[in-house]
Structures are given as C-alpha cells and as structure tokens.
Amino acid sequence: MKFDKNIKNYIYGELENPLSASFIDNYNPALGQVYSQIPDSDERDVHRAVKAAQRAFPTWSTIGVEKRFRILMRVADIIEQNLETFALAESMDTGKPLSLARKVDIPRAHANLRFFATSIMHFSAESHNMEKEAINFTLRSPLGVVGCISPWNLPLYLFTWKIAPALAAGNTVVAKPSEMTPMTAYLLAQACIEAGLPPGVLNIVNGFGHKAGQAIVEHDDVKAISFTGGTKTGRTIASIAAPKFKKLSLELGGKNPNIIYADCDFEKMMKTTLRSSFANQGQICLCGSRIFVERHLYPIFKEEFVKRVQKLKIGDPNSPKTDQGAVVSKAHMEKVLGYIELAKKEGGRILCGGEQKKVKGKFENGYFIKPTVIEGLAHDCRTNQEEIFGPVVTIMPFSTDKEVIKYANSTEFGLSATVWTQDITKAHSIAEQLEAGIVWVNTWMTRDLRTPFGGTKNSGVGREGGLEALRFFTEAKNVCIQF
Ligand code: TXE
C-alpha cells in the first residue's frame with residue numbers, strides 16, 4: 001500500500017500518469033498546504049478507461065457471481081488490513097479527525113464491498129406464472145460499462161458505495177473521485193491490483209469535474225451514471241445524460257430538519273443532535289442543519305445545546321481528543337463563512353461560533369470553522385433554505401405539528417429528517433407527512449445497507465442501497481414462454 005505524492009490513474013490494471021502530463025495540486029486542508037499532485041485527466045484518458053472497461057466486460061460479466069464475490073471480498077480484506085494507512089490518507093485529504101476516518105469512513109468502505117459481494121450471491125429475479133397459458137421470468141443482466149462519480153465529504157465511503165454494487169452485478173466501471181480528495185481512491189486501486197482484480201474491471205480517472213467528470217457522462221459507451229454531489233452539478237449531469245437515455249442515479253444536496261418534541265429522551269437527543277449537527281464538520285448530506293424545538297422545551301434546549309457545542313474541540317485532526325477538524329478547502333471555508341455573514345444580515349443571532357478558528361502551531365494555515373449555532377431567523381430565509389454544508393445549524397421554536405411540518409417541508413430539498421419524541425403514534429404521523437427519502441425517529445445515521453437510500457425533490461433521483469442498487473446496475477428482461 002503505497003502512499004505517494006504523485007497520485008496516478010488506474011487504467012487496465014496499470015497505475016499511470018495522464019496523457020496531458022499535467023497535474024493538479026492536492027491540499028491537506030488542516031495544514032493549508034499542497035501535499036500531493038493528482039492527474040489532470042481529460043477526455044483522452046477517459047476514452048482509454050472506457051475502452052479498458054469494454055475489453056474487460058465480456059469475461060467479468062460471465063465469470064459467475066461466486067468469483068466476483070471472492071475477488072471483492074479480497075479487496076475488502078486488504079482495505080481492512082490497511083485500515084491505518086487508509087484512515088490517515090482520508091484524514092489528510094479531507095481535514096476530518098483521524099478518529100472519524102478510522103471509526104466511520106474506512107470501516108464503511110470495506111463493509112460496502114462485503115455487503116454487495118454477498119448480496120449478489122442471493123440476488124434473485126421474479127417469475128410470473130400464467131397457469132395454463134404461459135410462464136414469465138425476469139432476466140437481470142449487467143448494463144456494461146458504467147460511470148461512478150463521487151464527492152469529497154466521505155470519499156472512500158461513497159466511492160465504494162457506488163463501485164461495489166456495479167462490480168458485483170457484473171458491470172465494469174470508470175470511476176472518478178473528487179479532485180479534492182483522491183488519495184484513498186488511489187490506495188483502492190493498489191488494493192485491487194493486490195487482490196487480483198482483472199485489468200479493466202475497475203478504472204479510476206482523476207481530474208476536474210467539468211473535464212474528466214463531464215467526459216465520463218458524455219461518453220456514448222458509458223451506459224449509466226451514478227453520481228453523488230451538489231444539486232447544481234446533478235442538474236448539469238442530468239442535462240447531458242438524459243437525452244442519451246443513460247440510466248441515472250443522483251444523490252444530491254440536503255437541508256435536513258431535526259424536529260425535537262418536549263417528550264423526547266433529552267440526554268439521548270442532545271448527544272445525537274451534537275453529532276447530527278457537526279459530524280464531519282457538518283459536511284454530510286444527511287446532517288440535520290435546521291433544528292426545530294417544541295416551544296416550551298426551546299429555552300432549556302438552547303442553553304444546554306450551546307453549552308455543549310462550545311465544549312467541542314477543534315484542531316489537530318490527529319489528536320484523539322479532536323471533535324472537529326478542518327473543512328475540505330479554503331474555498332469551502334469561505335463559502336461557509338459567507339453564509340454566516342448572510343445569516344447576520346437576515347436577522348440571525350449567533351449564539352456561538354460564527355467565525356474561523358485560528359489553530360496555533362503547524363495548523364495555523366488550516367481551514368477551521370468554529371461550530372456555529374444561529375437563532376432568530378425566518379424559516380424561509382436563504383440561510384434556512386440553501387445547503388451550507390458546514391458546521392452551521394439554525395435553531396427555532398415551534399408550537400404545533402402543522403407549523404413544524406410546514407417549516408420542515410419548506411425547502412427545495414427532501415433528503416432526510418430526524419424526529420425526537422417518545423410518542424410513537426405521533427412519530428408515525430410526522431414521518432408520513434415529511435417530504436424526505438429517509439426519516440430517523442429517536443436516532444440519526446442508523447444505517448441498514450439493505451434499505452433504500454436517497455432523496456426526493458431536488459435531493460436526487462433514484463435510490464441506492466440493497467436491491468435498489470443491484471436493480472439500478474442491471475437491465476431487466478421479461479421472457480414469456482407459451483406452454
Ligand atoms: O460537489 P460537486 P462538490 C453539496 C454541498 C457542496 C456542493 C458542492 O453543498 O457544497 O455539493 O460540493 C464531479 N460532470 N454536496 O464541489 O461539484 C466533481 O469532480 C461530471 C452534497 O463536492 O457536485 C466531484 O467528483 N462530474 C453531496 C463530484 O462531481 C462533475 C456531497 C462532486 O462534485 C461535474 C458533496 C460535471 N459537470 C457535496 N462537476 C452529498 N449529497 O453528499 C463536478 N463533478
């Protein structure tokens with residue numbers, strides 16, 4: 001497992017430089033310094049990757065699920081055996097605490113591979129018996145070469161979340177990690193070589209979204225695109241892929257409500273709400289960034305929440321005591337700080353945080369933001385409508401179910417929602433009315449990989465996870481045989 005400064009593409013089993021021979025600076029956001037270079041690939045590299053994937057497809061798609069299971073499990077084992085290297089790479093690339101990468105990102109990456117390697121062994125299709133007339137059966141076959149494009153917030157976690165079902169189902173893949181966090185994808189390429197993944201089955205092309213990413217979406221031999229990222233980029237991708245009738249899976253932004261009733265288990269709610277607000281520096285599309293608290297609990301919640309937020313430790317991602325690392329880039333830090341300024345203009349009161357955190361010593365140039373809590377905003381102001389994607393939450397009181405449902409459903413997004421109440425009848429009723437793809441009741445981020453994962457409205461199209469993913473990455477054919 002080589003962790004070197006010059007990241008390479010992985011095409012037809014070889015680690016190679018881009019044809020352009022030009023590279024992009026890759027920053028360590030906690031240090032605010034360039035620490036590696038990534039290929040500035042273009043459509044020529046993408047074309048080579050697609051040809052490699054096409055070459056590998058006939059064998060990979062017919063070697064049988066048992067062989068695909070074994071190889072994907074070997075890749076998962078190698079990731080697990082090299083957990084420390086992967087976790088360090090993830091932390092250096094994203095600025096997130098090493099403890100988080102070790103506990104969440106990397107274990108979930110090898111869990112994704114094992115989950116789909118085993119799922120494909122049990123993946124069955126339907127049959128419909130017309131009694132005396134005929135028998136129908138559904139054949140599900142792999143699509144061919146598919147494109148997987150992933151973002152910077154949970155790099156290997158989301159990269160493998162797409163690649164694993166695609167490969168398990170017998171497709172071959174051209175994948176592009178975010179140009180801001182490519183290191184663990186590079187380590188994954190090395191793990192695939194070590195595991196004996198046949199050349200061309202997985203190809204990783206690094207580079208800018210508008211260049212290498214767009215070339216994957218545009219390539220006529222790429223049959224489907226699975227994308228996770230911003231809603232704006234999702235719209236661009238859809239505008240290119242839809243007229244070419246490519247299958248599309250789009251996991252986009254969120255502006256998720258966290259609804260807290262006075263009858264909740266206060267301590268459990270408080271501990272979890274700290275995580276759902278600020279985990280990964282608030283850079284998770286599932287974070288609950290709009291907190292609605294039942295009116296008579298609001299003052300108690302506000303005092304305790306602010307007190308605990310102010311205790312969060314920000315700084316050195318390598319320290320086990322750190323709760324908050326750096327955000328992913330200087331540009332993203334400025335975007336988030338810009339939203340805090342907007343909140344003030346819109347009448348918000350900053351209860352804590354609200355500014356960049358200057359960390360002493362070697363991290364003095366890092367991109368750190370103090371976890372921020374804002375109150376006093378209208379539910380329909382821009383701060384409460386737009387995805388900030390940083391350590392910033394707004395809090396507000398509500399009096400009735402009707403009022404809080406109106407607030408919760410008032411944005412263009414519909415990804416996830418959290419509801420805290422001991423009254424399960426109420427929980428059912430609220431969950432039913434929320435415009436979201438995922439509703440957590442008395443918990444957050446509890447994930448069963450078999451469940452459908454995705455959002456409604458501008459949070460995306462389609463669902464990932466379990467059978468949904470295997471069906472996305474296969475074509476269904478109904479065969480009807482007359483007796
Ligand atoms: O996403 P982008 P970014 C949200 C969050 C964040 C915003 C932008 O609000 O601030 O999206 O984040 C590639 N054709 N989420 O910049 O630009 C790009 O190279 C093909 C929510 O990361 O969408 C990268 O690999 N590909 C999200 C990937 O798309 C293109 C998590 C994501 O980049 C492309 C991350 C193009 N035209 C951000 N343009 C979530 N739902 O979890 C870019 N890319």
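Modeller: The buried residues of α7 pack against α1 (43-60), β7 (145-149), β8 (172-176), β10 (224-228) and α8 (231-241). Contact means heavy atoms within 4.5 Å. Helices (H or I, at least four residues) and strands (E, at least two) are DSSP runs, numbered from the N terminus. This is a predicted model: local features need pLDDT of at least 70, side-chain atom pairs 80 or more, while totals for chains, interfaces and linings use all residues. Residues are numbered from 1 along each chain as its sequence is written, and side-chain values use heavy atoms, without hydrogens or water.

Colleague: Which residues of helix α7 are buried?

Modeller: An α-helix has 3.6 residues a turn, so residues three or four places apart point the same way. In α7 (residues 209-218), A212, G213, A215, I216 and V217 are buried (under 20% relative accessible area, exposed being over 50% and partly exposed in between; 1.4 Å probe, protein chains only).

Colleague: How do the axes of α9 and α10 cross?

Modeller: Two packed helices are described by the angle between their axes and the distance between the axes. Here α9 (residues 266-278) and α10 (residues 298-309) come within 11 Å and cross at roughly 55°. Axes are lines fitted to C-alpha atoms over the stretch in contact, with angles from 0 to 180 degrees between N-to-C directions. The contacts include F266, M270 and L274 in α9, and F301 and F305 among those in α10.

Colleague: What does L202 touch, beyond neighbours within four places in sequence?

Modeller: L202 is in contact with Y10, I163, L167, V173, A175, L188, C192 and L197.
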